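Biologist: Could you take me through one spot in this model up close, and then show me what else is worth a look?

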Amino acid sequence: MTKAAVVLSEELWQTGHGESHPLKPERLQRAYELLTAYQAFDGQQSQLVPPRLATRDELLLFHTDEYVDAVQSLSRGERTYTPSQYNFGPGDNPVFEGMYEIAAWKVGAALQATKLVIGGERDVAFSLAGGMHHAAAGHASGFCIFNDAAVLIHYMLAQGLKVAYVDIDVHHGDGVQDAFYDTDRVLTVSVHESGRFIFPGTGFMRETGSGVGRGYAVNLPLAPFTDDEVYLWAFEQVVPPLLTWFAADVVVTQLGIDTHFLDPLGHLTLTTQGYAQIVRVIKGLAPRWVALGGGGYEVSVMPRAWTLAYGIMADREWPDDLPSSYAKKYGAGTLHDHNQPQVEASTRDIARRHAGKVVSELRERIPVLRQ
Ligand SMILES: [Zn+2]
């Protein structure tokens, strides 16, 4: 029986980027409420573990001194640093009071999950507030202030572990890829909507790593309107053979659900069923697994998708009707989608052909995919 944990507490939804920003703290609160309404934590096989604030030294495992100072100072409302030098400003990455603490809580939560897994206490730990995969060592990007994934992978490398990172957010996991671009001790695999159509405009097949890291960054860019069937086919062709070949000590995943057909930011058309199937495939490949959240901007979708994902991690199944306490607050509904995306056959065909082309090109470049 898998021993699983969720690392989450209300500290993680106390502050946010502001009213009109898509990364709403309420997402996390709803996911927490849904998991507890399903009585997901029995204390034995499935635990809810409180996070902690990351220390400055932990942030420095990846981030620069200057950036950590700048975030702390800007977070206090001081004017010592110029926000735009660190990519803060109106839009995606606003400066807000308390942003240092909230970002450091997210890193602390991810490190808590990491320690549970590498210490052998849990087979899998899920930090829902994590997956801030765009942040760079010295600047913010794409709603991300500190990159919890990059920090925890550095932490594991320092313990001598080999790490595979799989990112299924609709956006390319550029910050994590860049952080480990020149090492062969971290394999990064990102499956995302092509950078030709969406932020951050990277994640092409030609990005494969550099120096000894060549071949240890893999990108699977998909066309808009890619659906469950095409996504799963492409994923199965690429991710399982790579993970089997690399034989990591620990698998880290970024489980963004902005691939969903109702998501306002992406253009893929996955359902919760397709998403759950991807998570099932990952579970089969990841005996030691640190799972992080990520994007997912439709508040009626993300709590359901991450509850389903955690059910798979913890070998639990929940009734499809949302629990009455949750339904009373947020409206009745079901855990799984019962609606399907409406996409024209010709559009689906374009997405299918695109995926076929990408997979065959990856097979030409990566020998392990041909076996
Ligand atoms: Zn995203």
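Biologist: Where in the chain is the place of glutamine 39?

Modeller: Glutamine 39 sits in the loop between helix 1 (26-37) and strand 2 (46-49). Helices (H or I, at least four residues) and strands (E, at least two) here are DSSP runs, numbered from the N terminus. Before we go on: this is a predicted model, where local features need pLDDT of at least 70, side-chain atom pairs count only at pLDDT 80 or more, and totals for chains, interfaces and linings use all residues. Residues are numbered from 1 along each chain as its sequence is written, and side-chain values use heavy atoms, leaving out hydrogens and water.

Back to your residue: glutamine 39 isn't a glycine, yet its phi is positive, about 50°. Glutamine 39 is also exposed, at a relative accessible area of 63%. (Exposed means over 50% relative accessible area, buried under 20%, partly exposed in between, with a 1.4 Å probe and protein chains only.)

Aspartate 315 is another non-glycine residue with a positive phi, near 55°. Look for aspartate 315 in the loop between helix 9 (302-313) and helix 10 (324-330); this residue is partly exposed, with a relative accessible area of 35%. For another backbone detail, check the bond from phenylalanine 199 to proline 200, a cis peptide with omega near 0°. Proline 200 lies in the loop between strand 5 (186-193) and strand 6 (217-222).

Glycine 160 has a positive phi too, near 85°, and follows helix 5. That helix spans residues 148-158 and is mostly covered, with 9 of its 11 residues buried; among them are Val151, Leu152, Ile153 and Tyr155. At its start, a side-chain oxygen of asparagine 147 comes to within 3.3 Å of the backbone nitrogen of alanine 149.

Now for the metal. Asp169 (OD), His171 (ND1) and Asp258 (OD) coordinate the zinc ion at 1.9 to 2.1 Å. Donors are N, O and S atoms within 2.8 Å of the metal (3.2 Å for Na, K and Ca), and water is not among the atoms, so sites may look incomplete. Along the sequence, the zinc donors follow the spacing D-x1-H-x86-D. Histidine 171 and aspartate 258 link distant parts of the chain, 87 residues apart: the histidine is in the loop between strand 4 (163-167) and helix 6 (174-179), and the aspartate in the loop between strand 7 (250-254) and helix 8 (272-285).

How values were computed: A polar contact is a pair of N or O atoms within 3.5 Å; within protein, one must be able to donate a hydrogen and the other to accept it, and residues adjacent in sequence count only if both atoms are side-chain atoms.
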